[in-house]
Amino acid sequence: MADFVGAIDQGTTSTRFMIFDRAGHEIGRHQIEHRQILPGAGMVEHDATEIWENTLKTITVALADTGLGPADLAAIGITNQRESALIWDRATGQPCHNVIVWQDTRTAGVIPSLDADLISEKTGLPPATYFSATKVTWMLDNVPGLRKRAEKGEVLFGTLDSWLIWNLSGGRHLTDVTNASRTMLMNLMTLDWDDELLALFRIPRPMLPEIRSSAELYGHAEAILPGVPIAAAIGDQQAALFGQTCFEPGEAKCTYGTGNFVLLNTGTTPVRSTHGLLTTVAYQFGTGAPIYALEGSVAATGSAVQWLRDQLGIIDSAGASEELAGQVEDSEGVCFVPAFSGLFAPYWRPDARAAIVGLSRYHTAAHITRAALEAICYQTRDVMVAMALDAGTELDCLKVDGGVTANALCMQLQSDILGVPVSRPAVAETTALGAAYAAGLAVGFWKSPDELRANWREDRRWEPSWTQQRRDEGSTRWRAAIDRTLDWVSVG
């Protein structure tokens with residue numbers, strides 16, 4: 001039997017292919033960034049063809065670097081940025097428009113007119129530009145002739161998992177329950193597309209992919225890996241929950257990437273949030289019962305550091321933020337709220353915009369950079385407070401993963417601001433690991449979740465060092481900064 005499992009991790013800023021062995025060790029990887037297309041204020045797009053070509057390159061290079069071939073892979077899994085939406089031609093496979101990315105806010109004007117109670121009851125989500133439905137409607141209404149073609153069944157919609165499965169398998173139009181649960185079109189209880197929601201958003205059902213479980217045979221990756229099963233598809237944050245082996249109700253993780261995402265396993269019963277969180281599908285394996293989660297989604301965390309690098313030129317690389325921020329003891333009263341796309345959980349304020357407040361002539365680039373790291377941590381705290389209120393429990397330790405966890409200063413700040421230990425696993429890229437785990441379970445490479453839990457190893461732990469008074473003062477200042485970002489743009 002093949003000794004390895006592969007995972008395609010198609011993220012907001014890059015695509016990578018990673019290879020893992022039976023112990024969950026990383027054997028190889030290759031990663032390629034793709035362009036961030038910004039047609040206007042609040043608009044973010046990707047080139048779907050570029051993403052597909054990068055996917056092929058990452059697989060080719062990762063296999064070449066490790067000396068492996070298709071026969072060495074028992075299966076591959078796919079994990080992806082979730083709410084980003086694409087429409088492509090059923091006959092030619094050509095995109096009809098760029099991917100409209102989850103961060104995009106061009107549809108903010110329609111959100112106030114939507115039936116919030118109906119959407120929340122059926123999907124577990126609040127009406128927001130974040131999710132796929134309004135993006136699909138926008139493309140149908142604004143790309144000439146596209147709505148008529150959709151009504152004739154000539155075009156297809158999918159999130160990026162569907163796009164990759166389509167191309168890898170030779171035209172299978174599928175998605176999984178975790179990605180479908182983020183479209184604002186799937187009924188959370190039936191796990192199927194909801195006709196009332198399709199009518200609300202004027203989206204023809206024939207456009208939509210078939211919804212499958214997160215771990216089963218989707219087809220074979222004949223386009224690049226002949227004979228290798230595509231055995232999992234799972235949204236990136238749910239994949240990280242699984243990669244962190246949070247299999248029991250009450251277990252949670254936080255992934256730091258372009259955005260920031262906290263998920264809490266709530267078991268087979270969905271918990272309806274009353275404090276600004278999302279109720280979502282965590283995963284479903286084969287014919288088993290779906291597992292649900294509470295989620296707090298933050299729009300801008302790692303992307304705030306990218307903004308310092310790319311737009312302001314304060315740092316040369318994301319990694320340089322730790323050194324620069326470490327030159328000062330604290331931000332000296334500066335707060336940076338990176339609400340570039342409005343505020344997500346727990347506020348859900350599309351009218352908010354980014355702000356740096358508390359500046360004087362004394363402050364330097366180091367203070368602003370430290371404030372950006374603190375913003376990552378305060379946004380996480382906002383979500384954790386809401387999660388404790390919804391679930392009735394508080395964590396005694398936060399499991400973390402993702403690229404930002406390489407920043408030790410940021411993780412120490414996270415522990416200080418939360419007041420609980422922060423634990424990073426040996427494999428920090430647990431999104432890809434979770435997709436590999438799901439695929440491996442589907443084909444019998446691993447026999448049970450118990451094997452996966454045995455693989456989990458802690459790499460580093462940060463303990464809180466702030467006094468409660470300092471924690472409270474910082475939270476009060478952060479909330480005041482949040483208030484100053486609101487009502488900045490009109491969305492109705």
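Biologist: Which residues have the most contacts inside the largest nonpolar core?

Modeller: General idea to begin with: in soluble globular proteins, nonpolar side chains tend to be buried together. A nonpolar core here is a set of buried Ala, Val, Leu, Ile, Met, Phe, Trp, Tyr and Cys residues joined through side-chain atoms within 4.5 Å. Buried means under 20% relative accessible area, exposed over 50%, and partly exposed in between, with a 1.4 Å probe and protein chains only. The largest core has 133 residues, and Ile87, Tyr130, Ile203 and Met207 have the most contacts inside it. H11 supplies the largest share of this core, 13 residues. There's also a second, separate core of 31 residues, with Leu63, Leu156, Ile165 and Leu168 among them.

Keep in mind that this is a predicted model: local features need pLDDT of at least 70, side-chain atom pairs count only at pLDDT 80 or more, and totals for chains, interfaces and linings use all residues. Residues are numbered from 1 along each chain as its sequence is written, and side-chain values use heavy atoms, with hydrogens and water left out.

Biologist: How do I read a helix packing, say at what angle H1 and H5 pack?

Modeller: Helices (H or I, at least four residues) and strands (E, at least two) are DSSP runs, numbered from the N terminus. Axes are lines fitted to C-alpha atoms, for helices over the stretch in contact, and angles run from 0 to 180 degrees between N-to-C directions. Here H1 (residues 48-66) and H5 (residues 160-169) pack at about 60 degrees, with axes 11 Å apart. That makes H1 oblique to H5; under 35 degrees is roughly parallel, over 145 roughly antiparallel, 65 to 115 roughly perpendicular, and the rest oblique.

Biologist: Which residues of H1 and H5 make the contact?

Modeller: Contact means heavy atoms within 4.5 Å. On H1 you'll find Ala48, Thr49, Ile51, Trp52 and Thr55, and on H5 Leu160, Trp163, Leu164, Asn167 and Leu168.
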